[in-house]
Amino acid sequence: MGKLKTHKGTKKVLNVRKSGTITMGHPGSRHNTGSKSASYNRKVRKSTQLSTGDKKRLKNII
């Protein structure tokens with residue numbers, strides 16, 4: 001079986017760390033942030049880790 005190509009859209013969203021953890025940003029932080037609460041804006045500013053099930057599903061394409 002040949003090699004799988006990297007999915008470029010997924011590569012732009014997810015970051016693979018040296019330790020193997022995959023991080024991503026929260027959705028909802030791009031625009032219209034003035035109408036959202038300050039606590040929500042602070043929460044989505046930080047990155048989050050991909051769940052174990054999603055990591056298993058996406059490990060071949062990133």
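Mentor: We begin with secondary structure: helices (H or I, at least four residues) and strands (E, at least two) are DSSP runs, numbered from the N terminus. T10, for example, is found in helix α1. This is a predicted model, in which local features need pLDDT of at least 70 and side-chain atom pairs count only at pLDDT 80 or more, whereas totals for chains, interfaces and linings use all residues. Residues are numbered from 1 along each chain as its sequence is written, and side-chain values use heavy atoms, with hydrogens and water left out.

Trainee: How many helices and strands does the protein chain have, and in what order do the elements run?

Mentor: The protein chain has three helices and three strands. Starting at the N terminus, the order is α-β-β-α-β-α.

Trainee: Is T10 buried or exposed?

Mentor: The term buried means under 20% relative accessible area, exposed means over 50%, and partly exposed lies in between (1.4 Å probe, protein chains only). T10 counts as buried because its relative accessibility is 15%. G9, also placed in helix α1 (residues 8-13), has 39% and therefore counts as partly exposed.

Trainee: Which residues does T10 touch, leaving out those up to four places away in sequence?

Mentor: A contact means heavy atoms within 4.5 Å. With that exclusion, T10 touches I61 and I62.

Trainee: How are the strands arranged in the sheet?

Mentor: In general, strands of a sheet pair through backbone hydrogen bonds, either parallel or antiparallel. Two strands count as paired if DSSP finds at least two bridges between them. Here three strands form an open sheet in the order β1-β2-β3, with antiparallel pairing. Its edge strands, β1 (14-16) and β3 (48-49), each pair on one side only. Three bridges join β1 to β2 (residues 22-24), and L14 stands opposite M24 in β2.

Trainee: Where is a salt bridge found, and which side chains form it?

Mentor: Side chains of opposite charge can pair when their charged atoms come close. The criterion for a salt bridge is a side-chain nitrogen of Lys or Arg within 4 Å of a carboxyl oxygen of Asp or Glu. A search of the whole structure finds one: the side chains of R57 and D54 meet at 3.0 Å, N to O. Both lie in helix α3 (residues 52-58), three residues apart, about one turn of the helix. R57 counts as exposed because its relative accessibility is 58%, whereas D54, at 28%, is partly exposed.

Trainee: Which contacts does N41 make beyond its neighbours within four places in sequence?

Mentor: N41, found in helix α2 (residues 38-45), is in contact with T33 and K36. A polar atom of the N41 side chain lies 3.0 Å from the backbone oxygen of T33. N41 is buried, with a relative accessible area of 17%.

Trainee: What box do the C-alpha atoms of the protein chain fill?

Mentor: Taken along the principal axes, the box is roughly 50 × 20 × 20 Å. Buried residues make up 13% of the 62 residues in the protein chain.

Definitions and conventions. Polar contact = N/O pair within 3.5 Å; in protein donor to acceptor, adjacent residues only side chain to side chain.
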